[in-house]
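Please look at the sequence and the three-dimensional structure shown here, and keep both in view while reading the briefing that follows.

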Amino acid sequence: MWTLRGLVTYYTVFVIELHSRRVQVVACTPRPDEAFRLQIARQLTGADGVLQEPRFLICDRDGKWSAAVRRVLESSSVRVIRIPFRAPNCSAHAERFIRSTKRECLDRLIPLGEQHFRRALAEFVALSR
């Protein structure tokens with residue numbers, strides 16, 4: 001997205017409930033450091049978190065899902081299942097959501113700041129239900 005500092009890449013954390021295909025955008029940041037990832041793990045498993053009823057979280061093998069983040073999730077009785085390397089079909093729902101978001105939303109506009117990006121993403125998710 002375009003910001004006052006120029007073009008900046010934002011990383012977005014989202015969760016998909018497989019049985020209902022409902023998508024919830026949790027957070028986005030230009031710097032997904034360890035502190036941010038730990039905060040997201042605590043937020044997902046907190047009292048009003050997305051991972052209250054589900055007991056499984058399927059995630060890729062990206063280094064962003066560090067052992068510390070997995071420990072926080074597993075301490076809340078969420079079993080973390082990591083998909084095999086180079087197996088995008090194992091996370092087909094997430095891959096499809098990402099592809100649709102890029103093609104149908106982000107390729108058609110240039111977000112001018114984080115607020116604009118969040119609003120566009122929220123409207124896209126609401127319309128895709």
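Predicted model: local features only at pLDDT ≥ 70, side-chain atom pairs only at ≥ 80, totals over all residues.

- Thr9 counts as exposed because its relative accessibility is 52%, and exposed here means over 50%.
- Although Thr9 and Pro30 are 21 residues apart in sequence, their C-alpha atoms are 5.9 Å apart in space.
- When residues up to four places away in sequence are not counted, Thr9 touches Thr29 and Pro30.

**A nonpolar patch on the surface**

- Leu7 is found in strand 2, which covers residues 6-7, and Leu7 is exposed, with a relative accessible area of 64%.
- Together with Trp2, Ile110 and Leu112, Leu7 forms a nonpolar patch on the surface, and the accessible area of these four residues together is about 480 Å².

**Helix 4**

- Helix 4 holds 14 residues (residues 114-127), which at 1.5 Å a residue should span 20 Å, and this agrees with its end C-alpha atoms, which are 20 Å apart.
- The buried residues of helix 4 are Phe117, Ala120, Leu121, Phe124 and Val125.
- Seen down the axis of helix 4, these buried residues fall within an arc of 130 degrees, and therefore they line one face of the helix.
- The buried residues of helix 4 pack against strand 3 (11-17), strand 4 (22-29) and helix 3 (92-104).
- The exposed residues Gln115 and Leu127 are carried on the face of helix 4 that is turned away from its buried side.

**Helix 2**

- In helix 2 (residues 67-75), the buried residues are Val69, Arg70, Val72 and Leu73.
- Viewed down the axis of helix 2, its buried residues fall within an arc of 155 degrees, so they line one face of this helix.
- The buried residues of helix 2 are covered by elements that include helix 1 (34-45), strand 5 (56-59) and strand 6 (79-82).
- Arg71 and Ser75, by contrast, are exposed on the other side of helix 2.
- Just after helix 2 comes Ser77, which takes a positive phi of about 65 degrees.

Key:
Residues numbered from 1 in each chain as written. Heavy atoms only, no water. Patch = residues over 30% accessible without salt bridge, like charges linked within 9 Å, V, L, I, M, F, W, Y side chains within 5 Å. Areas by Shrake-Rupley, 256 points an atom, 1.4 Å probe, with all protein chains shown as cover. Salt bridge = Lys/Arg side-chain N within 4 Å of Asp/Glu carboxyl O. Helix = DSSP H or I, 4+ residues; strand = E, 2+ residues; numbered from the N terminus. Buried < 20%, exposed > 50% of the residue type's maximum accessible area, 1.4 Å probe, protein only. Expected span 1.5 Å × (residues − 1). Arc of directions from axis to C-beta. Contact = heavy atoms within 4.5 Å.
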